[in-house]
Amino acid sequence: MTKILELTQKLISIPSWVDEQINEVKIGEFIFEYLRNNTRLSVEKEMVVDGRFNILVGFSQDIKTLVMGHIDTVGINDNWETNPIVPIIKNGKLYGRGTTDMKSGLAAMILTAADKNLPKNIAFLFYIDEEYNFAGIKKFMLDYGSKIKPTSIISLDGSELNIANGCRGLIEISATITGKSCHASRPENGVNALEVTFKSVEKLKKYLKNIYDSELGNTPLNLASITGGQAANVVPDTCQFILDIRPSSPKINAKLIVNQLEKYVKKFGGKLTNYQIKFDFGSWLTPKSNLEKLGLNFKNISSSGYMDTQMLWIIFDKPNCLTIGAGAQSTAHSSNEYIEIEKLEKLPKILFDIIQKI
């Protein structure tokens with residue numbers, strides 16, 4: 001059994017989703033102790049919240065290249081055919097929670113950090129809470145945003161042994177629209193807040209449809225949640241909803257979305273009475289020409305989800321950034337998540353080559 005296969009299996013067997021009983025502490029302790037015993041680089045904890053911590057490797061030196069990966073996973077959904085924390089090999093595939101996202105990437109990072117031939121000026125960030133509220137990466141930026149200046153960033157949160165050179169952003173807004181209630185027999189006397197919401201969101205979708213990037217694609221909007229109304233015989237006067245928007249252009253931010261939404265709501269007779277912005281992250285894009293020397297294929301990023309690499313790209317003034325990984329992207333966050341072992345075993349060499357060439 002190869003080192004990376006054995007190490008990936010071990011990482012899968014340590015649950016690291018976040019709920020009332022489980023978090024990243026146990027897997028963090030495993031990674032911390034493994035590296036303390038196997039790398040010449042400095043290894044330290046960066047405490048974040050509730051005993052949970054990031055692990056910083058090689059931060060005692062000037063940093064040219066930062067290699068990063070999150071140690072948490074999503075939780076366990078239904079319809080698993082095997083125990084998701086008992087790694088199973090079947091037909092050339094390794095099954096288990098985190099095989100793709102991203103314990104295979106963590107294994108490659110750990111082995112690379114322990115390599116005696118690792119070039120100088122390389123550091124590794126193992127961080128918490130990527131799948132939830134970005135607490136780990138935010139704490140890292142707070143502590144190190146003005147202390148280091150990497151010229152390149154490599155995230156192992158990728159897939160298929162192809163590199164991604166960007167991602168769309170993430171905007172999440174919760175809002176309340178107010179109308180006017182009246183008896184359902186005379187709806188013309190009121191303003192139906194639900195109808196105002198649907199009409200306004202459709203207008204916003206049409207507006208965003210015109211925001212397009214040749215690499216990052218369109219800017220989709222998802223009406224993720226909606227509640228309102230009290231009884232069938234009353235026109236609803238309030239509506240609460242959540243919008244998820246994935247901007248493909250840096251021109252799109254939460255303030256612009258709120259302004260557009262407010263304009264449409266007013267047009268349809270309602271009022272935007274309250275809103276909260278949970279996330280307001282823009283897109284990230286490194287020119288392909290800066291990464292072609294790596295000799296790897298590029299992923300199609302026109303339907304990309306958000307990656308918190310973007311935050312570091314912003315705070316470190318747009319260094320060359322990429323993601324790489326070996327997993328099957330279609331199985332990330334799903335039941336029966338897996339990785340092809342053949343691809344997994346190629347990942348450490350590919351990562352080491354990238355570090356030498358970037």
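I take two strands as paired if DSSP finds at least two bridges between them. Helices (H or I, at least four residues) and strands (E, at least two) are DSSP runs, numbered from the N terminus.

**Ground rules.** I am working on a predicted model, where local features need pLDDT of at least 70, side-chain atom pairs count only at pLDDT 80 or more, and totals for chains, interfaces and linings use all residues. I number residues from 1 along each chain as its sequence is written, and side-chain values use heavy atoms, with hydrogens and water left out.

**Strand β9.** I started with β9, residues 170–178. Its partner β12 (residues 271–281) runs antiparallel to it over nine bridges. In that pairing I find Ala 175 opposite Tyr 275. β9 also pairs with β11 (residues 238–245), again in the antiparallel sense, over eight bridges. There, Thr 178 faces Thr 238. Seven of the nine residues of β9 are buried, so the strand is largely enclosed by the rest of the structure.

**Whole chain.** I count eight helices and 15 strands. Buried residues make up 52% of the 358 residues. The C-alpha trace spans about 75 × 45 × 40 Å along its principal axes. I compared the radius of gyration (over C-alpha atoms) with the globule rule, 2.2 Å times the number of residues to the power 0.38. A compact globule of 358 residues would have a value near 21 Å; the chain has 23 Å, which agrees. Contact here means heavy atoms within 4.5 Å. Of the contacts between residues at least 6 apart in sequence, 80% join residues at least 24 apart.

**Charges.** I find 42 positive and 39 negative side chains, with the centres of the two sets 6 Å apart. Lys and Arg count as positive, Asp and Glu as negative; His and the chain ends are not counted. Each charge is placed at NZ of Lys, CZ of Arg, CG of Asp or CD of Glu.

**Helix α1.** Which residues of α1 are buried? I list Ile 4, Leu 5, Leu 7, Thr 8, Gln 9, Leu 11 and Ile 12. That is seven of the 10 residues in the helix (residues 3–12), so α1 is largely enclosed by the rest of the structure. These buried residues pack against α2 (25–38), β4 (88–90), β5 (93–95), α3 (99–113) and α8 (341–357).

**Trp 284.** I located Trp 284 in strand β13 (residues 284–285). Trp 284 is buried, at a relative accessible area of 0%. Leaving out residues up to four places away in sequence, I see Trp 284 touching several residues, among them Cys 167, Leu 216, Trp 313 and Cys 321. Arg 168 is 116 residues from Trp 284 in sequence, yet the C-alpha to C-alpha distance is 6.6 Å.

**Backbone checks.** I noted a cis peptide bond between Asp 101 and Met 102, with omega about -10 degrees. Met 102 lies in helix α3.

I then looked up two asparagines with positive phi. Phi of Asn 79 is near 75 degrees. Asn 79 sits in the loop between β3 (65–70) and β4. Phi of Asn 336 is near 60 degrees. Asn 336 belongs to the loop between β14 (320–323) and β15 (338–340). Is Asn 79 buried or exposed? Asn 79 is exposed, at 65% relative accessibility. Asn 336, by contrast, is buried at 18%.

Definitions and conventions. Buried < 20%, exposed > 50% of the residue type's maximum accessible area, 1.4 Å probe, protein only.
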